[in-house]
Amino acid sequence: MRTHTYRTVDVPVDGGYLRAGIWEPEAPAPLTQEPPVLAVHGITATHQGWLRLPALLPGRRIIAPDLRGRGRSNTLPGPYGMVRHAADLTALVRHLGLTEVTALGHSMGAFVVVVLQDRQPHLVRDMVLVDGGLPLEIPADADPDLLMRAVLGPALQRLRMTFPDQEAYRDFWSGHPAFSPGLVAELAPYFDYDLEPDGDGWRPTSAVEAVAADQRELVTGDLVHRALAHLATPTTFVHAPAACSMTPRCTVPSTYGPGPNVCPALLWNGPTTSTTTPS
């Protein structure tokens with residue numbers, strides 16, 4: 001049974017247009033209930049990473065952007081960074097005439113959401129942060145460039161690759177330990193959307209310079225620390241402990257919770273192959 005209809009919108013932002021996908025519920029919930037969900041993807045993903053979400057939220061309107069430098073927003077110029085992404089999301093929300101949203105962020109998208117609520121607290125009723133949004137514990141003597149290569153190396157390598165066709169790109173993802181062949185087939189619309197023509201082949205849409213700039217900010221900056229220091233928005237942290245063995249384990253520091261506005265982390269113990277989406 002279909003729960004939503006899907007469309008896209010291009011919203012004017014600084015430097016061009018931001019693409020967003022919108023899932024409109026077939027049977028909208030009463031206006032007195034829940035606000036729309038603003039779903040923000042990870043560092044090399046697109047709005048199509050939320051394909052499974054509508055079926056889980058019948059009656060809920062879902063708005064998901066392609067962040068600057070990704071997907072069909074990949075021609076938007078820099079600078080990048082969490083503040084720039086938050087400004088783009090503010091423009092999107094206002095363009096749609098919304099007064100408040102539930103902000104949902106995955107991986108880097110969770111950091112964007114944290115900054116959004118810090119800068120536009122009246123727009124964010126509550127937040128859900130999925131495997132992101134909390135600063136990583138980085139040793140003081142760590143080399144930022146070495147750390148970035150360790151974390152982003154495989155992703156940046158993929159972004160520089162070209163593929164003969166869409167099937168080859170899906171085959172590439174089938175080799176990832178977090179993706180079973182069945183899941184790759186189910187997520188085929190995501191993988192196909194993530195490609196754009198490049199000569200005689202296809203390449204991923206995320207701009208390398210955007211990904212590198214955003215990751216460097218998260219590694220070297222303190223913007224998220226400052227935003228979390230006076231967090232006043234009801235927030236739920238969701239953490240999949242074994243979602244990806246290549247990334248550092250993230251815990252909820254006592255500095256940020258639990259507290260009156262922060263729910264304890266929710267741990268998912270199910271199979272990662274049925275819950276993982278690319279970041």
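Pro79 is found in the loop between E4 and H2, where helices (H or I, at least four residues) and strands (E, at least two) are DSSP runs numbered from the N terminus. A cis peptide bond joins Gly78 and Pro79, with omega about 0 degrees. The model is predicted, so that local features need pLDDT of at least 70 and side-chain atom pairs count only at pLDDT 80 or more, while totals for chains, interfaces and linings use all residues. Residues are numbered from 1 along each chain as its sequence is written, and side-chain values use heavy atoms, with hydrogens and water left out.

| Residue | Phi | Relative accessible area |
|---|---|---|
| Ser107 | near 55 degrees | 18%, buried |
| Asp131 | about 50 degrees | 26%, partly exposed |

Ser107 is found in the loop between strand E5 (101–106) and H3, whereas Asp131 has its place in the loop between strand E6 (124–130) and helix H4 (144–159).

Taken over the chain, there are 9 helices and 10 strands, and of the 279 residues 49% count as buried. With contact meaning heavy atoms within 4.5 Å, 74% of the contacts between residues at least 6 apart in sequence join residues that are at least 24 apart.

A nonpolar core is a set of buried Ala, Val, Leu, Ile, Met, Phe, Trp, Tyr and Cys residues joined through side-chain atoms within 4.5 Å. The largest such core has 45 residues, and those with the most contacts inside it are Leu38 and Leu92. Helix H3 (residues 108–119) gives the most to this core, with 8 residues. Apart from this core lies another, of 13 residues, among them Tyr169, Phe179, Phe191 and Leu195.

Not counting residues up to four places away in sequence, Leu38 touches Ile63, Pro65, Leu89, Leu92, Val93, Val101, Thr102, Ala103, Leu104 and Leu116. Ile63, one of these partners of Leu38, has its place in strand E4 (residues 62–65) and is buried, with a relative accessible area of 2%. Leaving aside its neighbours within four places in sequence, Ile63 is in contact with residues including Gly21, Ile22, Pro36, Val37, Leu92, Leu96 and Leu98. The C-alpha atoms of Ile63 and Val9 are separated by 9.9 Å, although these residues are 54 residues apart along the chain.

How do H2 and H3 cross, and at what angle? The axes of helix H2 (residues 82–95) and H3 come within 8 Å and cross at roughly 70 degrees, where axes are lines fitted to C-alpha atoms, for helices over the stretch in contact, and angles run from 0 to 180 degrees between N-to-C directions. That makes H2 roughly perpendicular to H3, given that angles under 35 degrees count as roughly parallel, over 145 as roughly antiparallel, 65 to 115 as roughly perpendicular and the rest as oblique. In this contact, Met82, Val83, His85, Ala86, Leu89 and Thr90 in H2 meet Met108, Phe111, Val112, Val115, Leu116 and Arg119 in H3. By class, the contact of H2 with H3 has 9 nonpolar, 2 polar and 1 charged residues; here Ala, Val, Leu, Ile, Met, Phe, Trp, Tyr, Cys and Pro count as nonpolar, Asp, Glu, Lys and Arg as charged, and the others, Gly among them, as polar.

H4 and helix H8 (residues 208–220) pack at an angle of about 155 degrees, with their axes 10 Å apart, and that makes H4 roughly antiparallel to H8. From H4, the residues Pro144, Asp145, Leu147, Met148, Val151, Leu152, Leu156 and Leu159 meet Val208, Val211, Ala212, Gln215, Arg216, Val219 and Thr220 in H8. By class, this contact of H4 with H8 has 11 nonpolar, 2 polar and 2 charged residues.

Finally, Phe172 lies in helix H5 (residues 166–174) and is partly exposed, with a relative accessible area of 32%. Residues up to four places away in sequence not being counted, Phe172 touches Arg158, Met161 and Phe163.

Notes:
Buried means under 20% relative accessible area, exposed over 50%, partly exposed in between (1.4 Å probe, protein chains only).
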